[in-house]
Amino acid sequence: MKTLIPPSEVLLRAFRNRERLPVDTVTEADILTVESRYIRPVLGEGLYARLLAGGDNAFIEAYLADAVALLTRYLLLPRLLSFCSPMGLFRPDPSNTSPLDAATLEGERKALKQEAMSLLRRATDYLEQHAEEFTAYDPKNNILNRCMTHGGFVQTF
């Protein structure tokens with residue numbers, strides 16, 4: 001599977017060193033889910049394919065990598081609250097910590113998504129300002145230019 005950034009990059013960009021997550025916490029399938037749900041509808045098929053083929057690595061590094069990483073963390077957070085073992089499903093609960101309540105988790109996920117979508121909007125602003133360099137990008141196909149949610153309201157343009 002080909003993704004814009006590898007799982008190791010997600011761990012570096014979206015998780016803190018002290019979180020010490022195993023290397024297999026993030027999979028390529030997680031990143032593909034994020035890319036198909038959030039990135040491809042914004043960039044369009046043509047530009048997305050061009051980026052996957054290895055074109056414009058500097059653009060990915062500067063404008064997309066952090067958004068993909070944060071959105072992947074957003075996707076993974078509910079899964080990180082529990083783990084499976086041969087004895088069943090468990091919720092980590094060390095004695096000197098307290099588990100996250102649902103409202104706090106949702107607040108953290110919302111903040112992650114807002115930050116990532118702001119970074120994605122920054123990327124599309126760059127694409128639109130440099131249209132001659134990114135001929136495969138069509139702003140009419142960018143879902144952010146047609147519909148978005150902000151402040152709990154769906155806005156169409």
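Arginine 20 is exposed, with a relative accessible area of 73%; exposed means over 50% relative accessible area, buried under 20%, and partly exposed in between, with a 1.4 Å probe and protein chains only. Arginine 20 sits in the loop between H1 and H2. Although arginine 20 is not a glycine, its phi is positive, at about 40°.

The model is predicted, so local features need pLDDT of at least 70 and side-chain atom pairs count only at pLDDT 80 or more, while totals for chains, interfaces and linings use all residues. Residues are numbered from 1 along each chain as its sequence is written, and side-chain values use heavy atoms, with hydrogens and water left out.

## Overall make-up

The protein chain has five helices and four strands. Helices (H or I, at least four residues) and strands (E, at least two) are DSSP runs, numbered from the N terminus. From the N terminus on, the order of the elements is α-α-α-α-β-β-α-β-β. Of the 157 residues in the protein chain, 32% are buried. Among the contacts with a separation of 6 or more, 67% join residues 24 or more positions apart; contact means heavy atoms within 4.5 Å.

## Helix packing

Two packed helices are described by the angle between their axes and the distance between the axes. Here, axes are lines fitted to C-alpha atoms, for helices over the stretch in contact, and angles run from 0 to 180 degrees between N-to-C directions.

The axes of helix H4 (residues 57–80) and helix H5 (residues 102–129) cross at roughly 160° and come within 9 Å. H4 and H5 are therefore roughly antiparallel to each other. Angles over 145 degrees count as roughly antiparallel, under 35 as roughly parallel, 65 to 115 as roughly perpendicular, and the rest as oblique. The crossing of H4 and H5 is left-handed; a crossing is left-handed if the near helix is turned anticlockwise from the far one by less than a right angle, and right-handed if clockwise. The residues of the contact of H4 with H5 comprise 20 nonpolar, no polar and seven charged. In this classification Ala, Val, Leu, Ile, Met, Phe, Trp, Tyr, Cys and Pro count as nonpolar, Asp, Glu, Lys and Arg as charged, and the others, Gly among them, as polar.

H2 and H4 have axes that come within 9 Å and cross at roughly 130°. That makes H2 oblique to H4. The crossing of H2 past H4 is right-handed. On the H2 side, the contact residues include Asp30, Ile31, Val34 and Tyr38, and on the H4 side they include Leu64, Thr72, Leu75 and Arg79. By class, 11 nonpolar, two polar and four charged residues form the contact of H2 with H4.

In H1, Pro7, Glu9, Val10, Leu11 and Ala14 are buried. The buried residues of H1 pack against H2 and H4.

## Individual residues

| Residue | Relative accessibility | Class |
|---|---|---|
| Leucine 64 | 0% | buried |
| Aspartate 30 | 6% | buried |
| Threonine 3 | 9% | buried |
| Serine 118 | 49% | partly exposed |

Leucine 64 belongs to helix H4. Not counting residues up to four places away in sequence, leucine 64 touches Leu4, Leu43, Leu51, Phe59, Leu120 and Ala123. Serine 118 lies in helix H5. Serine 118 and alanine 67 are 8.3 Å apart, C-alpha to C-alpha, and 51 residues apart in sequence.

Aspartate 30 lies in helix H2 (residues 28–43). A polar atom of the aspartate 30 side chain is 2.9 Å from the backbone nitrogen of threonine 27. A polar contact is a pair of N or O atoms within 3.5 Å; within protein, one must be able to donate a hydrogen and the other to accept it, and residues adjacent in sequence count only if both atoms are side-chain atoms. Leaving aside neighbours within four places in sequence, aspartate 30 is in contact with Thr25, Thr72, Leu75, Leu76 and Arg79.

Threonine 3 lies in the segment before helix H1 (7–14). The side chain of threonine 3 reaches the backbone oxygen of isoleucine 5 at 2.7 Å. With neighbours within four places in sequence left aside, threonine 3 is in contact with Glu28, Ile31, Leu32, Glu35 and Leu52.
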